[in-house]
Amino acid sequence: MTAPKVQLSLRGIRKSFPGKAGPVPVLDGLTFDIYERDFVSIIGPSGCGKTTVFNVIAGLLEPDGGTMMFRGEIVPGLRGRVGYMMQKDLLFPWRTVLQNVMLGLEMKGVAQGEALDTAREYLSTFGLSGFENAYPKTLSGGMRQRTALIRTLIMDPDILLLDEPFSALDYQTRLYLEGVLLDAVETFNKTVVLVTHDIDEAVALSKRVVVLGNRPTKVKAVHDIGLDARSPVGARSDPRFAEYFHTLCGELDIQTRARAA
Ligand SMILES: Nc1ncnc2c1ncn2[C@@H]1O[C@H](COP(=O)(O)OP(=O)(O)O)[C@@H](O)[C@H]1O
Ligand SMILES: [Mg+2]
């Protein structure tokens, strides 16, 4: 097997924020690689700096130190190359589903007819045909997240950064949307970096999982996930699933002993 090609590489990324008693270090020399067509999940304790890493990768925040390389070239950030989907769907309430989905294409100057065709195709792939003229507030949480996901994918970014995209959804909707995401990634050949606090989501979806420690955070471990199942439910049914789950819980210091009766 040939070695995977590195697409994005972070080396010693540091970032502090100003605090009352001086700078508060958040990222303490983060080093990891993302491969071409990778699916990497980043897990770590709340407040350890996961969203901060995304903001640095997206070029919205300048790191205090360290380097970032994209396909072998040092870059300050991946502004314009990433599709960034935040935890909150951030759809414009005054725009319909179709108008929300087309926004990026309009800003890019894509001709109206072409943008419309592309948008309709995505909406149909994601099971949203018939909802073109609906406003976000009339949709379920799952439909809103699908609309937000299309808005991110339609710009054809090199890398998708998804920050806890499914955390506010009920379990069944989440399973369904995880499947939609896996299919979309396969169809559109995307590299995905997913932040999630849900260990079982990380194991079920990822090729690799990066575990971050407490703030100031470093990479604690990187795990290859060798499940062959290509569906979120299938992955959870694989006997090795429990093993990965257990290992990751241990690394996050989650108590795995049964409570005393
Ligand atoms: N713009 C900012 N200014 C000051 N502090 C920030 C800023 N962004 C994040 N932080 C702090 O950095 C730490 C990590 O935040 P964040 O990256 O959002 O964590 P996570 O996404 O892992 O929960 C938190 O303590 C947060 O308060
Ligand atoms: Mg966060």
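Modeller: Here is a walk through the aromatic rings, pair by pair. Keep in mind that this is a predicted model. A pair of aromatic rings is described by how far apart the centres are and by the angle of the planes. There are four aromatic pairs in the structure. Let's start with Tyr-122 and Phe-188: their ring centres are 5.0 Å apart and the planes meet at 10°, so this pair counts as stacked, the cut-off being under 30 degrees. As for how much of each can be reached, Tyr-122 has a relative accessible area of 11%, so it is buried, whereas Phe-188, at 25%, is partly exposed.

Now look at Phe-241 and Phe-245, another stacked pair, with 6.4 Å from centre to centre and 15° between the planes. Both of these residues sit in helix α8 (residues 239-251), four residues apart, or about one turn of the helix. Phe-241 is buried, with a relative accessible area of 10%, and Phe-245 is partly exposed at 32%.

Arg-208 places its charged end over the ring of Tyr-35, at 4.2 Å from the ring's centre.

Technical notes
Residues are numbered from 1 along each chain as its sequence is written. Chains are lettered from A and ligands numbered from 1 in the order in which they are written. This is a predicted model: local features need pLDDT of at least 70, side-chain atom pairs count only at pLDDT 80 or more; totals for chains, interfaces and linings use all residues. Side-chain values use heavy atoms; hydrogens and water are left out. Rings of Phe, Tyr and Trp (its six-membered ring) pair if their centres lie within 6.5 Å; planes under 30 degrees apart count as stacked, over 60 as edge-to-face and the rest as tilted. Buried means under 20% relative accessible area, exposed over 50%, partly exposed in between (1.4 Å probe, protein chains only). Helices (H or I, at least four residues) and strands (E, at least two) are DSSP runs, numbered from the N terminus. A charge sits over a ring if NZ of Lys or CZ of Arg is within 6 Å of the ring centre and within 35 degrees of the ring normal.
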